[in-house]
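Dear colleague,

Please find below the sequence and the structure that I am handing over to you. My findings follow directly after them.

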Amino acid sequence: LPQADLRRREEGAEDATAAAAADAATQESRPPAVDLASVATELLQAQLGHVGHGGQHIFAERFGEAPFPTGWVNATTSAALERFSFWLLGVLLTDADERRRWLGSVDTRARLEHCLAKLEAAGRRPVLNLP
């Protein structure tokens, strides 16, 4: 091979290796999805604390209980996280386009991150999909 082609191949391999290393570092620095779900659950409970008994009753009738029992963090599966992420998306106020986009997404972690961001940004403002 000519030297220029050989150099380009070596540079391409180095770029791919650097990209893979950066991706691995990003993955390691991100909290596990189960931790995102746990924090979202805590923020959801705080939201429920602000709607009073009537609002909690309406919430329970409309959405039921979260798809995990207490202590789910220690024994969860990817399917359970996926169910929770879709349930949580339904619990939060979203516009039609946003909802459609996340319902069509196959990225459970990104869906959880989105819901968590909405809960965090809301603070004490109501963000639950209640009448």
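The protein holds six helices and zero strands. Read from the N terminus, its elements therefore run α-α-α-α-α-α. Please note that this is a predicted model. Of the 131 residues, 31% count as buried. Among the contacts with a separation of 6 or more, 72% are accounted for by residues 24 or more positions apart.

I begin with helix α3. This helix covers residues 52-63, which is 12 residues. From its first C-alpha to its last it reaches 16 Å, close to the 16 Å expected at 1.5 Å a residue. Which residues of α3 are buried? They are Gly 55, Phe 59 and Phe 63. Seen down the axis of α3, the buried residues fall within an arc of 40 degrees, so they line one face of the helix. The general rule is that an α-helix has 3.6 residues a turn, so residues three or four places apart point the same way.

Next comes the packing of α4 with α6. Two packed helices are described by the angle between their axes and the distance between the axes. For α4 and α6, the angle is about 40 degrees and the axes are 9 Å apart. The crossing of these two helices is left-handed. On the α4 side, the contact is made by Leu 81, Glu 82, Phe 84, Ser 85, Phe 86, Leu 88 and Leu 89. On the α6 side, the residues are Thr 108, Arg 111, Leu 112, His 114, Cys 115 and Leu 119.

His 114 has its place in helix α6, which spans residues 108-122. Is His 114 buried or exposed? Its relative accessibility is 15%, and buried means under 20%, so His 114 counts as buried. The side chain of His 114 makes a polar contact with the side chain of Trp 102, at 3.4 Å. Leaving aside neighbours within four places in sequence, His 114 is in contact with Leu 89, Glu 98 and Trp 102.

Two further residues complete the account. Ala 79 is found in helix α4. With a relative accessible area of 36%, Ala 79 is partly exposed. Ala 79 and Thr 108 are 29 residues apart in sequence, and their C-alpha atoms lie 9.3 Å apart in space.

Leu 36 belongs to helix α2. Its relative accessible area is 8%, and Leu 36 is therefore buried. Which residues does Leu 36 touch, not counting those up to four places away in sequence? The residues in question are Pro 31, Arg 109, Leu 112, Glu 113 and Leu 116. Leu 36 and Leu 81 are 45 residues apart along the chain, while their C-alpha atoms are separated by 9.9 Å.

With kind regards

Definitions and conventions: Residues are numbered from 1 along each chain as its sequence is written. This is a predicted model: local features need pLDDT of at least 70, side-chain atom pairs count only at pLDDT 80 or more; totals for chains, interfaces and linings use all residues. Side-chain values use heavy atoms; hydrogens and water are left out. Helices (H or I, at least four residues) and strands (E, at least two) are DSSP runs, numbered from the N terminus. The expected span of a helix is 1.5 Å times one less than its number of residues. Buried means under 20% relative accessible area, exposed over 50%, partly exposed in between (1.4 Å probe, protein chains only). The arc is that of the directions from the helix axis to the C-beta atoms. A polar contact is a pair of N or O atoms within 3.5 Å; within protein, one must be able to donate a hydrogen and the other to accept it, and residues adjacent in sequence count only if both atoms are side-chain atoms. Contact means heavy atoms within 4.5 Å. Axes are lines fitted to C-alpha atoms, for helices over the stretch in contact, and angles run from 0 to 180 degrees between N-to-C directions. A crossing is left-handed if the near helix is turned anticlockwise from the far one by less than a right angle, and right-handed if clockwise.
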